Amino acid sequence: MPRAFDDGLFRAALGRFATGVIVLSTGPGRTPHAMTANAFMSGSLEPPLVVVSVGKKARMHARLATARRFGISILDQAQEPASRHCAGQTVASFAPAFGELAGVPVLANAAVVIAARIRHRYGCGDHTLYVGEVQKLA
């Protein structure tokens, strides 16, 4: 069935929904891989689950395909340089500082950090939904 709208209109319409910004991270602490995302939500209180959506073309998607855990760094407004850097934009004189939470890389000085173990991976069109059980938060 043909659509009554194009991809650009769909993206622009959904972009009007105000969301927070997170940095999703995985990998060994000495060489973490991180990306900025806004497709993030709580999934459940019992057990404590979070959900993040990652495009199948993103480098992070390949990393999460074999990862067991991921980190979430919830940013505040002052951390815009970290958000831009992890989104692949050049930010002059900026390099993100990472720390670890329960052995998972997270951004240092983020408003909230979460370490999660991947419980489920669900295909969702051109994205995958990663469901993580929260192991620790700070």
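1. **Ground rules.** The model is predicted, so local features need pLDDT of at least 70 and side-chain atom pairs count only at pLDDT 80 or more, while totals for chains, interfaces and linings use all residues. Residues are numbered from 1 along each chain as its sequence is written, and side-chain values use heavy atoms, with hydrogens and water left out.

2. **Glutamate 133.** Glutamate 133 is buried, at a relative accessible area of 17% (buried means under 20%, exposed over 50%, partly exposed in between, with a 1.4 Å probe and protein chains only). Leaving aside residues up to four places away in sequence, glutamate 133 touches Pro47, Pro48, Leu49, Ala115, Ala116, Arg117 and Arg119, a contact being heavy atoms within 4.5 Å.

3. Glutamate 133 forms one with arginine 119, where the closest N and O atoms are 2.4 Å apart. This pair links distant parts of the chain, with glutamate 133 in strand E9 and arginine 119 in strand E8, 14 residues apart. Arginine 119 is partly exposed, at 40% relative accessible area. Salt bridges that share partners join Arg117, Arg119 and Glu133 into one network. For the salt bridge between glutamate 133 and arginine 117, the N to O figure is 3.3 Å. Arginine 117 counts as partly exposed at 35% relative accessibility.

4. **A pair within a helix.** Glutamate 80 and arginine 84 also form a salt bridge, their closest N and O atoms lying 2.5 Å apart. Because these two are 4 residues apart in helix H3, about one helical turn separates them. Glutamate 80 is partly exposed at 39%, and so is arginine 84 at 37%.

5. **Strand pairing.** Strands E1 (residues 22-26) and E5 (residues 69-74) run antiparallel and are joined by 4 bridges; two strands pair if DSSP finds at least two bridges between them. Leucine 24 has isoleucine 72 in E5 as its bridge partner. E5 is also joined to strand E8 (residues 112-124), again antiparallel, by 6 bridges, and serine 73 stands opposite valine 113 in E8.

6. **The largest pocket.** The largest pocket holds about 1,200 Å³ of space. Of its 30 lining residues, Arg11, Asn38, Ala39, Gly55 and His127 are the closest to the centre. On a 1 Å grid over the protein atoms alone, a pocket is an open set of points where a 1.4 Å probe fits, with protein on both sides within 12 Å along at least five of seven lines, and lining residues have an atom within 4 Å of a point. The volume is the space filled by probe spheres set on the points, which are joined across faces, edges and corners. E2 gives the most to this lining, with 5 residues.

7. **The second largest pocket.** This one has a volume of about 190 Å³. Its lining includes Glu80 and Arg84, along with Gly20, Val21 and Leu75.

Conventions:
A salt bridge is a side-chain nitrogen of Lys or Arg within 4 Å of a carboxyl oxygen of Asp or Glu.
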